Amino acid sequence: MTDYLADVKKYDANADEAIVSKIVKHLGIALRNRDSSLVSASDPEELARVKEKWCGKKLGVTGAAADNAVDAVCKTLAADRSKSRVTFYYLVAKELGKLGDL
């Protein structure tokens with residue numbers, strides 16, 4: 001858990017540990033596998049899944065707002081070769097103003 005929190009804090013120094021913990025619990029078993037614990041920002045299918053499952057189903061945001069949030073996070077994390085799914089999801093929720101809804 002501390003590794004996830006530390007990674008999120010690289011991008012949001014005031015990250016809330018409770019929210020990061022909720023995202024970790026939501027992702028559950030997906031975090032056990034290295035491949036599924038990372039987001040491939042260069043894979044359109046992967047980004048479509050993030051928009052559908054995370055933005056749409058979990059956060060209730062679809063369309064242009066979801067597209068813009070995911071694109072913004074991709075730019076923010078561009079220098080990071082291994083984009084942690086927890087960090088990616090946290091930053092998308094923050095971009096959409098939905099951290100409080102988690």
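1. **Ground rules.** Because the model is predicted, local features need pLDDT of at least 70 and side-chain atom pairs count only at pLDDT 80 or more, while totals for chains, interfaces and linings use all residues. Residues are numbered from 1 along each chain as its sequence is written, and side-chain values use heavy atoms, with hydrogens and water left out.

2. **Salt bridges overall.** How many salt bridges does the structure hold? There are seven, where a salt bridge is a side-chain nitrogen of Lys or Arg within 4 Å of a carboxyl oxygen of Asp or Glu. Glu46, Arg49 and Arg85 are joined in a network of such bridges.

3. **Asp12 and Lys94.** One of the bridges pairs Asp12 with Lys94, with 3.5 Å between the closest N and O atoms. This pair ties together distant parts of the chain, 82 residues apart: Asp12 sits in the loop between helix H1 (2–9) and helix H2 (17–27), and Lys94 in helix H5 (residues 85–95). The helix and strand names follow DSSP runs, numbered from the N terminus, with helices (H or I) of at least four residues and strands (E) of at least two. Asp12 is buried at 9% relative accessibility, whereas Lys94 is partly exposed at 39%. For these words, buried means under 20% relative accessible area, exposed means over 50%, and partly exposed lies in between (1.4 Å probe, protein chains only).

4. **Lys51 and Asp67.** Another salt bridge runs from Lys51 to Asp67, the closest N and O atoms being 3.3 Å apart. Here too distant parts of the chain are linked, with Lys51 in helix H3 (residues 44–58) and Asp67 in helix H4 (residues 63–76), 16 residues apart. Asp67 is partly exposed, at 33% relative accessibility.

5. **Lys53 and Glu52.** These two also form a salt bridge, with the closest N and O atoms 3.8 Å apart. Lys53 is partly exposed at 40% relative accessibility, and Glu52 is partly exposed at 43%.

6. **Helix H2.** Which residues of H2 are buried? They are Ile19, Val20, Ile23, Val24 and Leu27. These residues lie on the same side of H2 because they cover an arc of only 145° around the axis, the arc being that of the directions from the helix axis to the C-beta atoms. At the N-terminal end, Asp16 caps H2, with a side-chain oxygen 2.8 Å from the backbone nitrogen of Ala18. After H2 comes Gly28, which has a positive phi near 45°.

7. **Cysteines.** A search of the whole structure finds zero disulfides, a disulfide being a pair of cysteine sulfur atoms within 2.5 Å. Cys55 is in no disulfide, and its nearest cysteine sulfur belongs to Cys74, 10 Å away. Cys55 is buried at 0% relative accessibility, and Cys74 is buried at 14%.

8. **Lys83.** This residue deserves a look in the viewer. Lys83 belongs to strand E2 (residues 83–84). Lys83 is buried yet has no salt bridge, and the nearest side chain of opposite charge, Asp80, is 6.3 Å away; in this count Lys and Arg are positive and Asp and Glu negative, with His and the chain ends not counted. The Lys83 side chain does reach the backbone oxygen of Asp80, at 2.7 Å. Leaving aside residues up to four places away in sequence, Lys83 touches Ser37, Leu38, Val39, Ala41, Leu77 and Ala78, where contact means heavy atoms within 4.5 Å.

9. **Thr87.** Not counting residues up to four places away in sequence, Thr87 touches Tyr4, Asp7, Val8, Tyr11 and Leu77.

10. Ala78 lies in the loop between H4 and E2 and is exposed, with a relative accessible area of 55%. Ala78 and Gly56 are 22 residues apart in sequence and 23 Å apart in space, C-alpha to C-alpha. Gly100, in the segment after H5, is exposed at 74% relative accessibility. The C-alpha atoms of Gly100 and Ile19 are 8.2 Å apart, with 81 residues separating the two along the chain.

Notes:
Polar contact = N/O pair within 3.5 Å; in protein donor to acceptor, adjacent residues only side chain to side chain.
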